[in-house]
Amino acid sequence: MLIRVVIWFIVIAGLAIAGLFLIGPQQVWQTVLGDPDTGRIELDQLQRSGRPNDALIGPADQLTVVPDAETPTFGIPAPALYARLVAAIQEEGVVTWVERDPVDLYARAITYSPRLHFADVNHIWVLPREGQTSAVILYSAAHMGYSDMGKNRERLDGWLQLLQDVPLAP
């Protein structure tokens with residue numbers, strides 16, 4: 001009897017895995033969990049997930065929640081920083097843009113893990129600072145699951161590295 005149950009379990013699991021890859025993981029997750037795009041978040045409404053599946057970097061004095069790391073103040077105006085960052089991320093070719101607003105200096109994109117297409121929602125805010133300086137806030141959260149094994153933080157650190165040639169404010 002136990003052997004029959006184990007065999008049925010293996011058959012059902014095999015069919016489920018085959019179906020996942022025949023239909024496509026991205027379509028399966030969207031059907032089961034809904035659209036990964038959680039919509040625009042106003043910066044003063046930002047809340048962390050409370051699980052180890054999100055990452056936030058930015059200047060603490062501009063946030064109502066504690067960031068994982070601080071970002072520097074850049075020595076260029078906010079619209080220029082926004083344009084550079086969005087263009088650099090676009091060049092990487094790993095995001096699906098949902099919203100790009102060069103007036104509010106806000107952008108939102110979905111990224112997917114390579115094999116199983118787990119979705120992460122990414123938010124970008126660029127803020128004007130004193131004089132002709134600016135700062136960036138980056139937030140990324142997994143659409144599903146409890147932990148992302150540090151992938152969101154890794155992505156945000158990589159995006160910040162895209163700005164390494166931008167001068168910092170004195």
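## A threonine with two polar partners

The side chains of T111 and N122 are joined by a polar contact of 3.1 Å. By polar contact we mean a pair of N or O atoms within 3.5 Å; within protein, one must be able to donate a hydrogen and the other to accept it, and residues adjacent in sequence count only if both atoms are side-chain atoms. T111 also uses its side chain for a polar contact with the side chain of R155, at 3.2 Å.

You're looking at a predicted model, where local features need pLDDT of at least 70, side-chain atom pairs count only at pLDDT 80 or more, and totals for chains, interfaces and linings use all residues. Residues are numbered from 1 along each chain as its sequence is written, and side-chain values use heavy atoms, with hydrogens and water left out.

## Where T111 sits

T111 belongs to strand β3; strands (E, at least two residues) are DSSP runs, numbered from the N terminus. T111 is buried, at 3% relative accessible area. Buried means under 20% on that scale, exposed over 50%, and partly exposed in between (1.4 Å probe, protein chains only).

Leaving aside neighbours within four places in sequence, T111 has contacts that include V94, F118 and W159. Contact here means heavy atoms within 4.5 Å.

## β4 and its partners

Strand β4 (residues 119-128) has 9 of its 10 residues buried, so the rest of the structure largely encloses it. β4 pairs with β3 (residues 106-112) in the antiparallel sense over 7 bridges; to pair, two strands need at least two bridges found by DSSP.

Conventions
Helix = DSSP H or I, 4+ residues; strand = E, 2+ residues; numbered from the N terminus.
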